[in-house]
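Here is a short briefing on a ligand site and on charge pairing. Look at the structure, then read on.

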Amino acid sequence: MDTGTRTLESALDGRSTVFDSDEAASIAAAHALVQTRIDDACRRSNRKSAEIRVVAVSKGIPAERLRAAVAAGIETFGENRVQEAMDKVGMVHGASWHMIGPLQSNKARRAVETFATIQTVASIDLAIRLNRLAAELRPGNPLPVLLQVNVDADSAKAGFDAAELHGALPALLDLGNLRVDGLMTVGRLTPDPAVARSTFMGLRRLSEDLRAGRSLLGPNLSMGMSDDFEIAIEEGATMVRVGRALFGARPVRAG
Ligand SMILES: *Cc1c(COP(=O)(O)O)cnc(C)c1O
């Protein structure tokens, strides 16, 4: 990152500093710890750490702390609400933003304007709408998306179920203004690592099945959060969505 730019911005908002350096040091330490855990999980599973992208889940965390996070080397944030992300994007420069929450169709336009990747494409209708918006708002530059899968067929969760996705995939891959980078899932809330593992294994197997003979579906797997990202990596995650392990407990309302 270019500190010169940051200093100029701070002069423009009339602040003496744009981020708190103690805060940046504490986030850098948490980030290093997460990276060590990633490295260990990669070693155990014979993978390369460079294959794993950390999406720092920043819902509920104020913009000042996110500027410190950028200063600490974090490059990608995940937000679950469009409005909250829009508010922060203007205040936090030098990062890219992923949508990781349920996306309502009336917010799709603003989501396409705000996010680099939408990880939560959970229906054909939403995909069609995003495709149309991407054609209008970013012609010639397909919008990166992930298809959200409800691997466990858990009625509380959004996402395609696996059988449905087999049927829907050809139509999804035909949407020329979307670039389908892979699959995403939200694991079960469970203290049992074996249960978490079965979800992640399920998503990886589904990806292998779907990709057989179809080069247009990308290989990414977004799975794993603070409590289970190592298991997700052992099962093939390429993106882990980590909030509390980087930023500590969230303010209660952030969900
Ligand atoms: C909040 C959230 C996360 C991060 O959870 P932590 O337990 O804080 O790491 C990851 N993915 C999704 C979809 C979330 O909503």
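A salt bridge is a side-chain nitrogen of Lys or Arg within 4 Å of a carboxyl oxygen of Asp or Glu. The model is predicted, so local features need pLDDT of at least 70, side-chain atom pairs count only at pLDDT 80 or more, and totals for chains, interfaces and linings use all residues. Residues are numbered from 1 along each chain as its sequence is written, and side-chain values use heavy atoms, without hydrogens and water.

**Salt bridges**
- The whole structure holds 17 salt bridges.
- One of them joins the side chains of Glu234 and Arg44, at 2.7 Å from N to O.
- This pair links distant parts of the chain, 190 residues apart: Glu234 lies in helix α9 (residues 229-234) and Arg44 in helix α2 (residues 21-44). Helices are DSSP runs (H or I, at least four residues), numbered from the N terminus.

**Ligand shell**
- Residues around the ligand (a heavy atom within 4 Å) include Val57, Lys59, Ile100 and Met225.
- The shell has four nonpolar, two polar and four charged residues.

- A polar contact is a pair of N or O atoms within 3.5 Å.
- A side-chain N or O atom of Ser226 is 2.5 Å from a ligand oxygen.
- Arg244 places a polar side-chain atom 2.7 Å from an oxygen atom of the ligand.
- Arg250 also has a polar side-chain atom 2.7 Å from a ligand oxygen.

Methods: Polar contact = N/O pair within 3.5 Å; in protein donor to acceptor, adjacent residues only side chain to side chain. Nonpolar A, V, L, I, M, F, W, Y, C, P; charged D, E, K, R; others polar. Helix = DSSP H or I, 4+ residues; strand = E, 2+ residues; numbered from the N terminus.
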